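Please find below my comments on the chain under review. They proceed from the overall architecture to a single site.

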Amino acid sequence: MDGWLAIILLTLVGLVLIYLELIFVPGTTILGLLGLALTGIGIYMAYERHGVTSGSIVLVASLLVTVIALVWSFRSNSWSKFSLKEQIRSKVNEHYTVDLRINMKGLAVSDLKPIGKAEFNNKAYEVTSHGHLIESGTEVEIIRLSGNKIIVESINT
């Protein structure tokens, strides 16, 4: 039993750390790298202390345990417990322009260079001009609504 307990423990703890990293902390993190290192050290120790045959047995056993664990986890559908099943169907600012219409008049509350703020019905919106400066305090009119993008131009033009 010369060193076998250490080899088995290192290899198994390493494999468990790799599985924990896969399940709970996706990505290459310290947990997965530590697990890989411990498993590698266990396999190396088996080769170093007990020869090629024993080392190969530990290597094949580690690979076999890994394959069995992965096949079992996929067949038992255990990965679905960790997967996201809901979809976000709403959008940010989905109703942002619902109260606005073309030809509506408002007031630029900041300089539009070409993007700035304008107020319509006592509510401030982010608006865009056609590339020219519109100074704060200038009366503006909505000329186009494209999704949540509000295009305005100065009425004093």
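1. Secondary structure. The chain, seen here as a predicted model, contains 2 helices and 5 strands. Read from the N terminus, the order of these elements is α-α-β-β-β-β-β.

2. Overall dimensions. The radius of gyration of the chain is 32 Å, whereas a compact globule of 157 residues would have a value near 15 Å. Along the principal axes, the C-alpha atoms occupy a box of roughly 95 × 30 × 20 Å.

3. Burial and surface. Of the 157 residues in the chain, 29% are buried.

4. Contacts along the sequence. Among contacts in the chain with a separation of 6 or more, 46% are between residues 24 or more positions apart.

5. The site at Ser129. Where in the chain does Ser129 lie? Ser129 belongs to the loop that joins strand 3 (123-128) and strand 4 (139-146). Ser129 counts as buried because its relative accessibility is 5%, and the cut-off for burial is under 20%.

6. Surroundings of Ser129. A polar atom of the Ser129 side chain is 2.7 Å from the backbone oxygen of His132. Apart from neighbours within four places in sequence, the residues in contact with Ser129 are Leu112, Pro114, Ile134 and Val152.

Terms used:
Residues numbered from 1 in each chain as written. Predicted model: local features only at pLDDT ≥ 70, side-chain atom pairs only at ≥ 80, totals over all residues. Heavy atoms only, no water. Helix = DSSP H or I, 4+ residues; strand = E, 2+ residues; numbered from the N terminus. Buried < 20%, exposed > 50% of the residue type's maximum accessible area, 1.4 Å probe, protein only. Polar contact = N/O pair within 3.5 Å; in protein donor to acceptor, adjacent residues only side chain to side chain. Contact = heavy atoms within 4.5 Å. Rg over C-alpha atoms; globule rule 2.2 N^0.38 Å.
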